[in-house]
Amino acid sequence: MIYTLTFNPAIDYVISIDELKHGEVNRSSGDTYRYGGKGINVSSVLTELGVENTALGFVGGFTGEALENGLNERGIKTDFVHLDDGITRINVKIKTGEETEINGQGPDIPEEKMQELTEKLQKLKKGDYLVISGSVPDSLPVDIYEQVLETLEGRGIEYVIDTRANLLTGVLKYRPFFIKPNRKELEEMAGFRIEHDEDVVRGARQLQNQGARNVIVSLGKEGAYMLCETGETLRMNSVPLKERCSVGAGDSLVAGFLAGYISGGNFRYALKQGVAAGAATACTGALATADSIKEKMNIMKDY
């Protein structure tokens, strides 16, 4: 069973504007919304691919109710902790010629609600996968990822971690099944500029030496690298695409890879499906569907 954990879910409100004029009234040329947060995105794509999973996290207020109901209507199983105060955040994504994001802070999470989440996590058993991704609300300690993994230590649970560099570094000692830094995050963690393929491999190996069993480095339009625990280094190019919106592309890569791997595929096949899922999300402006992932896989030449 796969569980995703999103400490700070959101409703992403995506607005398209021809030109953003500061200090003036701007009218959109189109807008849409999606139920978001990195772990939520992973759950959405996993469900599309027919992989059973449960989304965990915190929700609050009318926005939290809308998010939970919307996910359930789409067949995504949830087991959220419900907050008594505050609302699930709304993130505004402004698309002009480039993307500008305004992310909400999120509600406060009191200690008793964190304890409620911990009790839910204790139900996980050997062989389960726990995907932890996204930001941490200011009301929680910065080492909350480490605290969660410490409570699960020695249980035979496989961890997948996708978050900012400063949060990712602390969890490597728990030997996650895989982590997925992007180029910028890899630079922060490795401590040097990533300019060539050799730099990607060197940085990924450094993280592997610190505990990560497998390291996938997402490179946007350029696809991804993977340093495997078997010692193999994989390079998977993406398909040519014109990005409409990159929001959720990295999460789609995580979901596509994990779905490909647990279905019995090898690392190369799983990486191919992951890169295809990321590309499908980036070029459609919406989270990848099973059909769009299959379409991208059919035109990829690296496998």
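A: Before the cavity itself, the term: on a 1 Å grid over the protein atoms alone, a cavity is a set of points where a 1.4 Å probe fits but cannot get out, whereas a pocket is an open set with protein on both sides within 12 Å along at least five of seven lines, and lining residues have an atom within 4 Å of a point. Grid points are joined across faces, edges and corners, and a volume is the space filled by probe spheres set on the points. This is a predicted model, in which local features need pLDDT of at least 70 and side-chain atom pairs count only at pLDDT 80 or more, while totals for chains, interfaces and linings use all residues. Residues are numbered from 1 along each chain as its sequence is written, and side-chain values use heavy atoms, with hydrogens and water left out.

Q: OK, what volume does the largest cavity have?
A: The largest cavity has a volume of about 30 Å³, and the search of the whole structure finds one cavity of 30 Å³ or more.

Q: Which residues line the largest cavity?
A: The lining is made by Val200, Val201, Ala204, Val215, Val217, Tyr225, Met226, Leu227 and Thr233. At least two lining residues each come from α7, β12 (214-218) and β13 (224-227), where helices (H or I, at least four residues) and strands (E, at least two) are DSSP runs numbered from the N terminus.

Q: And how does the lining of the largest cavity divide by class?
A: It has eight nonpolar, one polar and no charged residues, counting Ala, Val, Leu, Ile, Met, Phe, Trp, Tyr, Cys and Pro as nonpolar, Asp, Glu, Lys and Arg as charged, and the others, Gly among them, as polar.

Q: Switching to the largest pocket, how much space lies in it?
A: About 1200 Å³ lies in the largest pocket, which is lined by 42 residues, with Lys38, Asn182, Ser246, Gly248 and Gly250 nearest its centre. The lining of the largest pocket divides into 10 nonpolar, 19 polar and 13 charged residues.

Q: Now the helices: at what angle do α6 and α7 pack?
A: Helix α6 (residues 183-190) and helix α7 (residues 197-209) pack at about 60°, with their axes 10 Å apart; axes are lines fitted to C-alpha atoms, for helices over the stretch in contact, and angles run from 0 to 180 degrees between N-to-C directions.

Q: Which residues make that contact?
A: Leu186, Met189 and Ala190 of α6 meet Val200, Gly203, Ala204, Gln206 and Leu207 of α7, contact meaning heavy atoms within 4.5 Å. By class, the contact of α6 with α7 has six nonpolar, two polar and no charged residues.
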